[in-house]
Amino acid sequence: MRKLYKASLSVFLRSKNLSLPYLVLLALIVAYFGFCFNNYLHYFSVAIWLVRSCIFLVAFFIYCSYELAVRMYDNNMVEYLKTYQQGLLKAYAAIILCLLTIIALPSIMFFAFILFMYYYNDVQYLPFLIHLMKLSILYFGLSFLIGIMLGTAMAAKLKTKRLAVYSLTVIFMLLNTTFTDVLFRVPYLLFNSYQTERMLYYFKDFLTVVPYQLGNNFIIDPIYGFPTEPIRWILAVFWILFPLTLILTECFDRKTKKAMLVTSYLIVLLGVGLFSNRGSTLLMDMRVDSYPYADPHYYQDRPGEDYSGNEAGFMIEEYKMDLTISNELHAEVEVTIDNHDLDSYDFTLYHGYILKSVRTEDGEIPFARLGDYIRIGSLNGADRLIFKYYGKSPKYYANRQAIALPGYFAYYPKPGRTNIWDLDRYGYVINTSPNESKYSVHVRSNLKVFCNLAGSGNSFHGKSDGVTLLAGMYDEVAKNIYAEPMRSDLPKREYIREAEEILTNLFKRLDRPEPELFSRISEKKFFQAPQNFGLNSNTEDIVIMSDHITAISCNNGPQLAESIMESIIKPQADSLCMSHYRQYLKYLFNRQDETDPLFQNAVDLNLLLKEIDEMQFLAAKNSNVDRETYLNMNEQEKKAHSDDEKRLSNLGQIVSEKAAKYLFYESPRQEENLRIFFDYFTAESEADYLELVERIVKEELGDDRS
Amino acid sequence: MRRLYLELKNQRLYFFVPPIILFILVPLTVLATIKNGGGDNFPECATISQLFIPGFAAWWPLFVLKEYLNSPGKELLFVHKYGRDSLVFKMIILWAFYVLFVVIVFIYFIFLFDFVWFLFIAIIIQSLFMVALGYFLALLFQNTFIPLIINFAYSSIFMLALFYSPLSIFEIGSFNSVSSLSKSPVVAIIAFILFYGGYQIEKHLYND
Amino acid sequence: MIAVKNLSKSFKKKAALNSVNLQLDAKVYGLLGANGAGKTTLIRCIAGLYASPQGEILYRNEPIHKSKSFHQDLGYLPQAFGMFQELTLYEMMEYICSLKGIAKRKCANEIAKALTSVNLEDRAKDRIKTLSGGMVRRVGIAQAILGNTKVMLLDEPTAGLDPSERARFKNTVSELKKDRLILISTHIVEDVDACCHSVIVIDGGSVLFNGSCEELRNIAKNKVYQINEKDADSIVGEKYILKVCEIEGKIYHRILAKENQDYPSEKPSLEDGYMCLVKRLA
């Protein structure tokens with residue numbers, strides 16, 4: 001075997017169209033490392049850039065392995081090799097061994113460089129080092145191995161049909177980038193065929209050997225890291241074994257060949273079966289089922305039911321939760337209800353969780369599941385229900401790589417019907433229970449889970465209005481502060497204390513009672529949420545619950561205080577109102593930039609009133625123009641409309657800035673104005689902001705004149 | 001020309017890959033983008049066009065070159081290599097043939113957008129570059145597999161990741177003024193340099 | 001040594017071999033037949049390259065796919081033979097030794113013997129791509145010899161060889177034939193005449209003849225005539241013109257006739273006997 005291996009290696013090294021490109025590749029890799037080192041010193045950025053290039057290396061190794069193995073067919077060697085005992089098998093084995101040597105060098109180079117960057121950046125976080133090693137093995141080891149197996153298998157099966165080989169390689173390469181994403185969206189965008197898009201992506205995912213693809217611009221959350229879920233490894237093994245069995249079918253004949261064929265069918269079935277049950281994986285791309293788009297798409301298609309303010313009629317006194325987190329969430333949740341005499345009970349459980357059964361002490365009871373809601377009939381005196389369910393959420397993942405299940409999300413049954421998604425605000429509704437319940441939570445997971453409740457060893461208990469579970473590259477970075485250690489903006493206790501002080505003073509200044517949840521926030525557990533929580537949601541920047549806080553960022557005390565204040569301010573969901581409330585917050589927190597030209601002169605109130613009038617006029621003028629009306633307009637009318645829109649937008653900006661500057665900075669009644677608008681924003685008022693501004697300004701003008 | 005026709009016919013079903021891309025996938029993708037954007041969305045459509053169209057320009061040329069570089073009995077093909085049947089000439093004819101298909105696509109675009117001709121010029125020059133790059137690399141490496149990978153890798157890298165790199169022949173923007181063709185003259189010159197380089201290699205293929 | 005019993009092989013609907021029965025011993029056999037007659041198919045069946053032909057092929061009374069020694073004793077030269085162009089001749093022979101399972105210590109000796117048999121020992125360090133077509137063919141024969149093979153199946157071994165190479169090939173076969181079964185498939189009759197003890201004629205997948213060269217020649221006894229072109233029409237019955245030649249400015253036809261003619265018959269050659277069989281004039 002050694003001689004065969006040496007001969008194969010000699011063939012490779014002496015072939016100019018193999019060895020030269022290989023040497024050029026090694027040189028390019030070194031140059032690429034230099035480029036990454038110079039430009040992307042942050043370890044995640046470096047890893048991203050290294051991973052992006054991976055698929056082209058895989059394609060190159062497909063080329064190398066195909067060209068090496070097909071030489072046997074080009075040189076008419078196969079016929080006599082088959083007459084030797086296991087001759088063809090030995091020849092292929094030698095070729096594969098040779099190719100393993102060829103890929104070993106670049107694999108080691110990538111691995112070494114990644115390790116170097118880890119130590120150079122002085123990261124000092126062991127889980128991340130382990131993650132990088134797994135990344136290297138999967139992305140720079142197994143994927144290269146897949147390349148050589150695919151190339152060799154194509155040589156074995158397709159032989160000298162080069163056009164077919166080239167085409168398949170190009171397709172494979174493009175499927176492992178976001179090149180095909182625009183194409184795969186066509187069935188849904190043009191024909192509303194969600195199922196077709198799903199099928200196309202299923203196929204693409206099955207062929208994905210580099211999970212973080214070129215063209216993917218989504219941020220990687222440090223808690224999760226690069227996708228290395230078990231299914232990725234299973235797929236890698238599949239794409240190594242399946243081509244291997246194809247090669248072996250060519251090397252044997254008769255019974256062994258049939259056995260190999262059967263084995264390859266079984267491997268395909270097993271691979272497809274396991275892949276179909278892959279459970280929760282992080283899908284950060286453009287498909288309808290992805291992290292950013294799945295829920296917005298799901299809820300926009302559903303009839304608009306609004307359950308805000310809906311009363312459940314009962315409370316849950318106690319939860320006993322037994323969660324198993326493997327490929328997805330498997331849960332058995334026992335709830336103790338206070339009111340046993342209702343005719344029916346509604347619960348909210350996110351629609352991604354499939355409810356298997358609902359039981360009482362007397363056995364299973366019927367239930368109706370519609371979307372996010374469960375309806376159960378009378379309990380006949382029973383006070384406890386056991387829900388058994390499993391499933392996943394595209395955003396709030398729970399798998400072997402990471403767990404991100406915030407307490408305000410219905411990943412366990414919550415009493416009554418509550419909205420999960422707010423269409424107007426384009427974000428998740430923060431569903432905290434009105435009362436605290438007792439919880440006893442046990443999580444079976446390979447990860448160390450962090451929870452707002454007390455406990456250890458993945459078992460927790462306590463009282464709260466929601467249970468938050470986080471795990472992955474996550475840790476307790478200070479007492480009662482939990483964060484992603486890889487992030488540069490780690491929260492600090494002094495920021496939280498500062499924010500608490502700022503808020504206390506602010507509410508005193510506003511002469512308004514501080515919400516109960518805000519009291520003693522510095523004593524609550526603080527969980528830094530992954531940055532991608534804010535990707536498709538305007539509502540999760542910071543969430544304050546009875547015993548803990550989740551926040552996406554915490555750079556300093558004032559910023560934290562402002563985020564907290566934002567969580568209770570609910571402006572109308574139109575861009576003008578949002579702009580006004582941002583201006584309001586700026587002045588409330590004294591963030592105005594006094595070097596701005598706006599501060600050179602006092603606001604001309606009469607001009608401001610005129611501008612407000614003009615805005616109101618333009619808004620009224622174009623309020624009836626919908627898409628159909630617009631399409632029926634002639635060119636002049638369209639231009640006029642477009643000009644009006646531009647003017648309205650510009651005016652909105654100007655009025656917003658001037659009004660805020662006057663009302664909250666220049667006006668003698670600025671404190672009162674701050675109070676008025678605090679009430680306006682927190683009361684979810686339907687009144688028009690501009691009318692309110694106009695009224696106040698006119699009042700003040702009238703006061704001045706008098 | 002008869003020989004070129006037979007060489008294209010020899011590709012059988014693979015010949016239809018660029019027409020399918022140009023006449024089915026690109027129009028559908030552009031339509032979907034327009035629908036998703038709820039309006040004109042020309043810059044995005046320009047990006048999509050540049051993603052798909054130049055990348056596949058080298059398909060026919062590379063598959064024709066495969067016969068000259070990889071097939072047994074290829075010496076026979078080189079017997080008449082001098083004169084009108086030279087490979088570089090074939091590459092240019094194939095590029096012109098591809099441009100005809102692109103013209104048809106852009107006639108369709110005229111019904112969707114106001115002004116498409118700057119984009120058209122940019123794309124045909126990018127296609128010329130891709131053909132030239134494929135031709136040059138194929139003759140340099142005596143292989144058509146590597147140029148195919150490099151062509152698609154180039155399109156992917158510079159259209160999906162390094163949008164604003166100075167090495168990119170592509171342009172991100174609205175293509176509504178001549179400034180959007182700022183890269184095109186340089187790209188065309190590089191294409192001709194690649195053709196010239198490839199032709200020099202072609203002349204010496206069997207001189208050893 | 002090898003017994004072929006009722007061997008049939010079809011490719012899709014076309015029957016390439018039809019109930020072939022043969023008994024092959026340690027001799028040199030020539031397998032004669034036209035293109036598409038089934039020679040290569042027969043040789044491939046005997047080499048065990050086809051998984052499921054109908055019938056049986058026994059090596060020393062054991063089916064070939066069950067025999068442990070068959071593959072070790074077999075040397076095969078296919079019709080299209082090639083090697084890794086980048087290796088040297090010696091390296092390629094070493095490669096084949098490894099594949100054949102020849103012990104390391106015997107390897108060098110075997111390679112030297114094989115290369116000497118085909119007169120290529122001085123090219124051992126040259127790359128395969130520098131060898132001419134004829135030399136490549138000789139290397140093919142050399143690899144078939146490696147490992148002291150007992151059964152050699154050579155498919156068109158002289159294809160593409162010049163006359164001196166063909167003469168050398170015949171000498172090589174003469175040296176190798178001791179205690180070996182050598183089956184040479186060819187459509188060049190002179191090669192069979194020069195090398196082989198026995199001839200097997202195959203046509204349309206069936207064996208038409210299996211016997212000695214002399215017996216094949218005798219099939220055409222009294223059936224071969226060489227007559228002037230002007231007299232060609234006077235030949236009675238079924239006939240076949242073997243060749244047309246010019247002698248001292250006059251055109252003569254060498255004819256195979258089924259019936260006796262009034263002309264003196266020529267001494268038949270092996271080719272005459274072969275044509276007699278193939279043209280069904282026997």
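What we have here is a predicted model, and I'd like to walk you through two parts of it.

Let's start with the helix itself. Helix α15 of chain A runs over residues 493-510.

Now look at how α15(A) is placed. Its buried residues are Tyr495(A), Ile496(A), Ala499(A), Glu500(A), Leu503(A) and Leu506(A). These residues cover an arc of only 135 degrees around the axis, so they sit on the same side of α15(A). Turn to the other side, and you find Glu494(A), Asn505(A) and Lys508(A), which are exposed.

Back to my opening question: the residue after α15(A) is Asp511(A), and its phi is positive, near 55 degrees.

Let's move over to chain C. Here we have an open sheet of 3 strands, in the order β11-β13-β12, with antiparallel pairing. Residues 224-228 form β11 and residues 239-247 form β12; these two stand at the edges with a single partner strand each, so each has one side without a neighbour in the sheet. On average, neighbouring strands of this sheet are turned by 25 degrees against each other, direction ignored.

Let me zoom in on one pair. β11(C) and β13(C), the latter covering residues 250-257, pair in the antiparallel sense over 5 bridges.

Note on methods: Residues are numbered from 1 along each chain as its sequence is written. Chains are lettered from A and ligands numbered from 1 in the order in which they are written. This is a predicted model: local features need pLDDT of at least 70, side-chain atom pairs count only at pLDDT 80 or more; totals for chains, interfaces and linings use all residues. Two strands pair if DSSP finds at least two bridges between them. Helices (H or I, at least four residues) and strands (E, at least two) are DSSP runs, numbered from the N terminus. Axes are lines fitted to C-alpha atoms, for helices over the stretch in contact, and angles run from 0 to 180 degrees between N-to-C directions. The expected span of a helix is 1.5 Å times one less than its number of residues. A residue is buried if 20 or more other C-beta atoms lie within 10 Å of its own, exposed if 12 or fewer, and partly exposed in between; C-beta atoms are placed from the backbone. The arc is that of the directions from the helix axis to the C-beta atoms.
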